[in-house]
Amino acid sequence: MSSVIELKQICKHYCLGNNKLPVLHDINLTIQSGELVAIMGPSGSGKTTLMNILGLLDHANRGTYSFAGREVQALSPDELAHVRGHFIGFVFQSFYLLPKLNALHNVMLPLRYQRKSLTDANARAEVILQRVAMETYKQHKPKELSGGQQQRIAIARALVSDPKVILADEPTGSLDSHTGQDIMDLFIELNRNEGKTIIIITHDPKISQQCQRIINIKDGHISEE
Ligand SMILES: Nc1ncnc2c1ncn2[C@@H]1O[C@H](COP(=O)(O)OP(=O)(O)OP(=O)(O)O)[C@@H](O)[C@H]1O
Ligand SMILES: [Mg+2]
């Protein structure tokens, strides 16, 4: 196994007026390729902040972050966007599907941003919709789908560019426990059968217990079970 994520002494604060709000303190964390990891912690403890840094959506104030062996501090905005678009898939609690697009077009979107042709994007999206058992719903708009179905579409959108890493911020948080388990089963399958590295933020011990590692975060400090 090789490490895909390596954080060393990562610190993050937000600036509120003249005040600094420290959120992450000296985070050291290595995640190997192919791991399934849960991040747990109380509200406000810094989970989403950490996820945004892992996903290259935000930068740390101090420390180093290597993603797949490349130091992200050294990357230009274009290079960051490229790594994000090709190697990282995001899944969120509230799905963030575009309401006016049908399921197929939502899934095609990342490939269109990458300037893939309509034909290629369409073909790839169809394959991925089958992968998440949603091919029969491809013409449906998000509002015509259940929460669990919308989350499957959001996962398909995260998978469409075949990312190494999937980052999921409370992906089962707005689903009932049965539907949440269906989504968790899908993550477990993607991890076991396709070797995806998956990091899931969750408040639910039933979800975290199914992960190989559980990282706890409290007041911006991490510890591991
Ligand atoms: N953009 C921002 N500007 C200023 N403060 C922020 C910003 N984003 C988050 N914070 C603060 O940073 C702290 C950590 O927030 P974060 O969203 O990482 O928590 P969380 O662990 O994801 O919480 P939750 O479980 O409620 O989602 C909180 O005190 C929050 O108010
Ligand atoms: Mg959060």
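Helices here are DSSP runs of H or I with at least four residues, and strands are runs of E with at least two, both numbered from the N terminus. This is a predicted model, where local features need pLDDT of at least 70, side-chain atom pairs count only at pLDDT 80 or more, and totals for chains, interfaces and linings use all residues. Residues are numbered from 1 along each chain as its sequence is written, while chains are lettered from A and ligands numbered from 1 in the order in which they are written.

**View 1**

**View 2. Helix H1 and its buried face.** Lys 47, Leu 50, Met 51, Ile 53 and Leu 54 are the buried residues of H1 (20 or more other C-beta atoms within 10 Å of their own, all placed from the backbone). They line one face of the helix, because they fall within an arc of 160 degrees seen down its axis, taking directions from the axis to the C-beta atoms. Just after H1, Leu 56 has a positive phi of about 65 degrees.

**View 3. Inside the largest nonpolar core.** The core has 65 residues, and Leu 129 is one of those touching the most other members. (A core joins buried Ala, Val, Leu, Ile, Met, Phe, Trp, Tyr and Cys through C-beta atoms within 7 Å.) Helix H5 (residues 147–159) brings the largest share, six residues.

Conventions: A residue is buried if 20 or more other C-beta atoms lie within 10 Å of its own, exposed if 12 or fewer, and partly exposed in between; C-beta atoms are placed from the backbone.
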